[in-house]
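Open your viewer and get ready to select. This short tour goes stop by stop.

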Amino acid sequence: TIKLLFFVSIIEAYFITIYVLSSKFLTEVDSLTHELRLLISRLPTHSLLLLIEKEMITSNGTSTIMNTPNIEYLTDYHKNLYAEEEKLLDMFAENEGFHTTGFKEVFKNLFFGDVCLSIPEFHGNQANLTACEEINDGILKKGLYQAVI
């Protein structure tokens, strides 16, 4: 009976240890899920990436996405994301002069001047220009700022 009691005590200790460890793991997963919700609301473009990372953590890296192991898909996704952001930053760098001079003038005309005159497609096309200026009793002539307010 002592052997049986000892055996039952060891099994019970094992299950209590598993319960404590799983509770700690579930608390961490809940914390990550809460953080994930906040990040997705602030970074909607990265929501797929964040969901893949959550899936990788909760499945211990065994899940697949489109028949590709999660870790490979995540690595490729990061590479593509960084490449796209690098292209975008290069484009911004190429247009730096425009942003500091011409952009301010276009912005001022769009928001506080005649919107219809600021749209290049309407230049030289009197019918479209007139149609634009007649929208909502000419509200666009006052600029987007007035049109939105």
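Where is the place of Ser-63? Select Ser-63: its place is in the loop between α2 and β1 (64-65). Helices here are DSSP runs of H or I with at least four residues, strands are E runs of at least two, and both are numbered from the N terminus.

Before moving on, note that this is a predicted model, where local features need pLDDT of at least 70, side-chain atom pairs count only at pLDDT 80 or more, and totals for chains, interfaces and linings use all residues. Residues are numbered from 1 along each chain as its sequence is written, and side-chain values use heavy atoms, with hydrogens and water left out.

**Stay on Ser-63**

Is Ser-63 buried or exposed? Ser-63 is buried, at a relative accessible area of 13%. (Buried means under 20% relative accessible area, exposed over 50%, partly exposed in between, with a 1.4 Å probe and protein chains only.)

Now show side chains. Ser-63 and Ser-59 are joined through their side chains by a polar contact of 3.2 Å. Another side-chain polar contact, of 2.7 Å, links Ser-63 with Asn-70. (A polar contact is a pair of N or O atoms within 3.5 Å; within protein, one must be able to donate a hydrogen and the other to accept it, and residues adjacent in sequence count only if both atoms are side-chain atoms.)

Leaving aside residues up to four places away in sequence, Ser-63 touches Glu-55, Pro-69 and Asn-70. Contact means heavy atoms within 4.5 Å.

**Next, two helices**

Select residues 47-58, helix α2, and residues 70-94, helix α3. They pack at an angle of about 155°, and their axes are 10 Å apart. Axes are lines fitted to C-alpha atoms, for helices over the stretch in contact, and angles run from 0 to 180 degrees between N-to-C directions. α2 and α3 are therefore roughly antiparallel, a term for angles over 145 degrees.

Which residues make the contact? From α2, pick Leu-48, Leu-49, Ile-52, Glu-53, Glu-55 and Met-56. From α3, pick Asn-70, Ile-71, Tyr-73, Leu-74, Tyr-77, His-78 and Leu-81.

**Then Ile-139**

Jump to the loop between α7 (126-133) and α8 (144-148), the place of Ile-139. Ile-139 counts as partly exposed, at 23% relative accessibility.

**Zoom out**

Show the whole protein. It has eight helices and two strands. From the N terminus, the order is α-α-β-β-α-α-α-α-α-α. Of its 149 residues, 17% are buried.

Methods:
Parallel < 35°, antiparallel > 145°, perpendicular 65-115°, else oblique.
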